[in-house]
There are 2 protein chains.
Amino acid sequence: MAIRIGYLGPAGTFTEEAMCLYTSGNEHYEKLEFSSIPEMIYSIGTKIDEAVVPFENSIEGSVNVTLDLLIHESMAMIKKELVLPVNQNLLAKKPFSLEEIEIVYSHPQALYQCRRFLHERLPKALWRETESTAEAARIVAKSEKPWAAVGHRRLGELYGLLIVAENIQDYKNNVTRFIILSHEDSLPTGFDRTSVVFATENKPGSLYRVLGFFARENLNLTKIESRPSRKALGEYVFLLEVEGHRDDEVLKKVLMEVQNNTTYFKILGSYPRWQEGYPPAGGDRKDPNL
Amino acid sequence: MAIRIGYLGPAGTFTEEAMCLYTSGNEHYEKLEFSSIPEMIYSIGTKIDEAVVPFENSIEGSVNVTLDLLIHESMAMIKKELVLPVNQNLLAKKPFSLEEIEIVYSHPQALYQCRRFLHERLPKALWRETESTAEAARIVAKSEKPWAAVGHRRLGELYGLLIVAENIQDYKNNVTRFIILSHEDSLPTGFDRTSVVFATENKPGSLYRVLGFFARENLNLTKIESRPSRKALGEYVFLLEVEGHRDDEVLKKVLMEVQNNTTYFKILGSYPRWQEGYPPAGGDRKDPNL
């Protein structure tokens, strides 16, 4: 039976790339394109079985819309994670010099990732924000004007654009972490990560107390993030990620303690930690830039 | 001598509103409009003496671009905070019914703040992201088509638009916290807040240890947030806000301990906590919605 998987389109975005990597070698996947993250997450369990969503970028931080939907509005669980390098390129219809370019189009996060490059090398170019990097490429491909788009090199092939500058992101260690959402998470593999969200009473030391449960057992926290509770300014829900599976004996006990000492608690999922070299050699991973 | 203050334009944005409230009654302010937050923050100390920037919204969370510039790229300090309600409205050129509206324009954050309203009441309308709520109003005002903009009611007067739906934000407790940046912070008032950023060693329990310094003295943390270190995925810089002034005896001692136990430490400033009712009656605060 086909597994229906949603991804953020159109073709040529980094999310589509992550989806291709995740599903490569498995012919049971039926791929459905979505145009917004909320629409896609709302559809898990009805139109689709799984969804690939961006969760965190090494430079720009968490994708808040994804995080907030998981905290406040969805029952979906995290089943898997993938970490992919983000290489941004400047694409144009003709071989314009950088000085000639008048407008540069892209998704706001892609523009910010190349902030310094654009500021120094295209100081006169106006920035125009688009809904996706592919939308930017589409706009640039339709015009004869000295415009450029910022995005994945594959957009060049898809929209008939030239690469006028390569790897223009300001930080070379730019990677994005994607997650696969589904109605359930994964079984233990011995190399897992668990994501939980919780809220504490609004009084001195309450977060400190919760972190103490993990510190006592020497559990390694790999991420902590606060998001608004949406009740009042200064009240937060915390996302915490820890090494281990929620069925591991020690972590299970700690999570029980956390649940008993918080005003809100939810496990987003346990899933295998990303490892370099996945999928194994011989898989369908052709582009070394992925 | 004039104090040159920067704000995020154009007129009619919430930031301009915050700037008007902050400077009201003081004629020494010379107001300079900027079109981007980075450009404005880079200009503190050269083109301008102070800047008004959005820092945090009760629903959407921190304004990451502001936070990251303060962490990584600026020496500016926080001198003051202001907390203003955000009331979003749907504005159009003619009295269209909600069903007729085909495209809705606004800044992405304003669109997200009205996500549920737009999803339920204008299910067929396409979303188009703009650089500011004022830019959205300008686009809508230029066309005869059934388009609408989301933004402050004052945009109606400025661009000749009608309010077709009022207070459309999904959460009614929607407030934005603005900060005033300058080359120095404020003197103690007895009702202050202090913002610091720091990074810890990447090993179990290191954040827990730092929070312990505050918990031991019963100091109330009002915000904790993690941002990418920009060195590697999973390494963070923390923003922490605490009640008190950095010159208060107890807090001063704790901050010294924090500095001695972190790999990076910077005080963003101590400043008076926002109080309802400021400015005092008789000030220039005419709009009760402010």
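**Salt bridges**

Across all chains of this predicted model, the structure holds 46 salt bridges. Side chains of opposite charge can pair when their charged atoms come close.

Select K203(A) and E201(A) to begin. Their side chains form a salt bridge, with 3.7 Å from N to O. K203(A) is partly exposed, at a relative accessible area of 47%, and E201(A) is also partly exposed, at 45%.

Next, move to chain B and select R154(B) together with E16(B). A salt bridge joins these two side chains at 2.4 Å, N to O. R154(B) belongs to helix α7 (residues 154-159) of chain B and E16(B) to helix α1 (residues 14-23) of chain B, so the pair ties together parts that are 138 residues apart in sequence. Colouring by accessibility separates the two partners: R154(B) is partly exposed, with a relative accessibility of 22%, whereas E16(B) is buried, with 11%.

Now select R153(B) and E166(B), whose side chains meet in a salt bridge of 3.1 Å, N to O. R153(B) sits in the loop between β9 (147-151) and α7 of chain B, and E166(B) in the loop between β10 (162-165) and β11 (175-182) of chain B, so this pair links parts that are 13 residues apart in sequence. R153(B) is partly exposed, with a relative accessible area of 31%.

Return to chain A for a network. Select E56(A), E81(A), R177(A), R193(A), K223(A), E225(A) and E241(A): salt bridges that share partners join these residues into one network.

**The contact between chain B and chain A**

Display both chains and select the residues in contact; there are 49 from chain B and 49 from chain A. The area buried between the two chains is about 4,200 Å², and carbon and sulfur atoms give 52% of that area. On chain B, highlight Y208(B), R230(B) and L233(B), which supply 18% of the area that chain B buries against chain A, more than any other three residues.

Which kinds of polar pairing cross this interface? The rule finds zero salt bridges between chain B and chain A, but 12 residue pairs in polar contact, both residues being at pLDDT 80 or more.

To see which elements of chain B touch chain A, select β3 (50-57), α3 (64-72), α4 (108-113), β8 (126-129), β11, α8 (206-216), β13 (221-228) and β14 (236-243) of chain B; each gives two or more residues to that side. β13(B) gives the most, with seven residues. By residue type, the side of chain B that touches chain A divides into 21 nonpolar, 13 polar and 15 charged residues.

**Helix α8 of chain A**

Select residues 206-216 of chain A, which make up helix α8. Its buried residues are S206(A), L207(A), V210(A), L211(A), G212(A), F213(A) and F214(A). What covers the buried residues of α8(A)? The covering elements include β12 (192-199), β13 (221-228), β14 (236-243) and α9 (249-260) of chain A, together with α8 and β13 of chain B. Following α8(A), select N218(A), where phi is positive, near 60 degrees.

**The annotated domain**

Finally, select residues 4-183 of chain A. An unreviewed UniProt entry annotates this range as "domain: Prephenate dehydratase". Over these residues the chain is 30% helix and 33% strand, and the end C-alpha atoms are 12 Å apart.

Definitions and conventions. Residues are numbered from 1 along each chain as its sequence is written. Chains are lettered from A and ligands numbered from 1 in the order in which they are written. This is a predicted model: local features need pLDDT of at least 70, side-chain atom pairs count only at pLDDT 80 or more; totals for chains, interfaces and linings use all residues. Side-chain values use heavy atoms; hydrogens and water are left out. UniProt positions are given in the numbering used here, feature names are shortened, and annotations may be inferred rather than shown by experiment. Helices (H or I, at least four residues) and strands (E, at least two) are DSSP runs, numbered from the N terminus. A salt bridge is a side-chain nitrogen of Lys or Arg within 4 Å of a carboxyl oxygen of Asp or Glu. Buried means under 20% relative accessible area, exposed over 50%, partly exposed in between (1.4 Å probe, protein chains only). Contact means heavy atoms within 4.5 Å. Buried area is the accessible area (1.4 Å probe) that two parts lose on being put together, summed over both. A polar contact is a pair of N or O atoms within 3.5 Å; within protein, one must be able to donate a hydrogen and the other to accept it, and residues adjacent in sequence count only if both atoms are side-chain atoms. Ala, Val, Leu, Ile, Met, Phe, Trp, Tyr, Cys and Pro count as nonpolar, Asp, Glu, Lys and Arg as charged, and the others, Gly among them, as polar.
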